[in-house]
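Open the model in your viewer and keep the sequence panel beside it. We will go stop by stop, selecting a residue or two each time.

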Amino acid sequence: MANIKSSKKNIITSNNKKKENNKKRSIIKTYIKKVLFFISSKNFEKSMFFFNKMQSILDKYSVKGIIHKNKAARFKSSLYSKIKNIINLKNSI
């Protein structure tokens, strides 16, 4: 444990920031799971709705530095390609 008063304060603030960042990462994971769930159930409308929400959250958090911008881009592109497969399956039937 630190002895200097400012060091103690820094420990407290860094722990608070860590908790907030973990909450934000959890929100990202939750929306990704929702999108994947509706993709697996082949529900295009709901998957696009949650994809759009997830996309805005990913963009916001990648700018703030919660996640890396390339990781956000990777999530968006992979999920969108899966959603496009739903459209292709509906059109082929």
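## Stop one: the loop

Select Lys 42, which sits in the loop between α1 and α2. Keep in mind that you are looking at a predicted model. Now check the backbone angles of Lys 42. Its phi is near 60°, a positive value in a residue other than glycine.

Next, select Asn 43. This residue is also in the loop between α1 and α2. Is Asn 43 buried, partly exposed or exposed? With a relative accessible area of 24%, Asn 43 is partly exposed, because partly exposed covers the range between under 20% (buried) and over 50% (exposed).

Show the side chain of Asn 43 and look for Lys 46. A polar atom of the Asn 43 side chain lies 3.5 Å from the backbone nitrogen of Lys 46. Asn 43 and Ile 83 are 40 residues apart along the chain, and their C-alpha atoms are separated by 9.2 Å.

## Stop two: into α2

Select Ser 47. You are now in helix α2. How accessible is Ser 47? Its relative accessibility is 0%, so Ser 47 counts as buried.

Display the side chain of Ser 47 together with the backbone of Phe 44. A polar atom of that side chain lies 2.8 Å from the backbone oxygen of Phe 44.

## Stop three: two salt bridges

How many salt bridges are there to find? The count comes to two.

Start with Lys 23 and Glu 20. These two form a salt bridge, and their closest N and O atoms are 3.3 Å apart. Both residues are in helix α1, three residues apart, which means about one helical turn separates them. At 38% relative accessible area, Glu 20 is partly exposed.

Now select Lys 76 and Asp 59. Their side chains meet in a salt bridge, at 2.5 Å from N to O. This pair links distant parts of the chain. Lys 76 belongs to helix α3, while Asp 59 belongs to helix α2, which runs over residues 44–64. The two partners are 17 residues apart.

Asp 59 has a relative accessible area of 32% and is partly exposed.

## Stop four: the positive patch

Colour the surface by charge. Then select Arg 25, Lys 29, Lys 33, Lys 71 and Arg 74. Together they form a positive surface patch.

Which helices supply this patch? Helix α1 (5–40) and helix α3 (69–92) each give at least two of its residues. The largest share, three residues, comes from α1.

Zoom in on one member, Arg 25. Arg 25 is found in helix α1. Its relative accessible area is 33%, so Arg 25 is partly exposed.

## Stop five: along α1

Select Ser 26, another residue of helix α1. Ser 26 is partly exposed, at 39% relative accessible area. Now draw a distance line from Ser 26 to Ile 87. The two lie 61 residues apart along the chain. How many Å separate their C-alpha atoms? The distance is 29 Å.

## Last stop: the start of the chain

Select Met 1, in the segment before α1. Met 1 is exposed, with a relative accessible area of 84%.

Finish with a line from Met 1 to Ile 11. They are ten residues apart in sequence. In space, their C-alpha atoms are 9.3 Å apart.

Note on methods
Residues numbered from 1 in each chain as written. Predicted model: local features only at pLDDT ≥ 70, side-chain atom pairs only at ≥ 80, totals over all residues. Heavy atoms only, no water. Patch = residues over 30% accessible without salt bridge, like charges linked within 9 Å, V, L, I, M, F, W, Y side chains within 5 Å. Areas by Shrake-Rupley, 256 points an atom, 1.4 Å probe, with all protein chains shown as cover. Salt bridge = Lys/Arg side-chain N within 4 Å of Asp/Glu carboxyl O. Lys, Arg positive; Asp, Glu negative; His and termini not counted. Charge placed at Lys NZ, Arg CZ, Asp CG, Glu CD. Helix = DSSP H or I, 4+ residues; strand = E, 2+ residues; numbered from the N terminus. Buried < 20%, exposed > 50% of the residue type's maximum accessible area, 1.4 Å probe, protein only. Polar contact = N/O pair within 3.5 Å; in protein donor to acceptor, adjacent residues only side chain to side chain.
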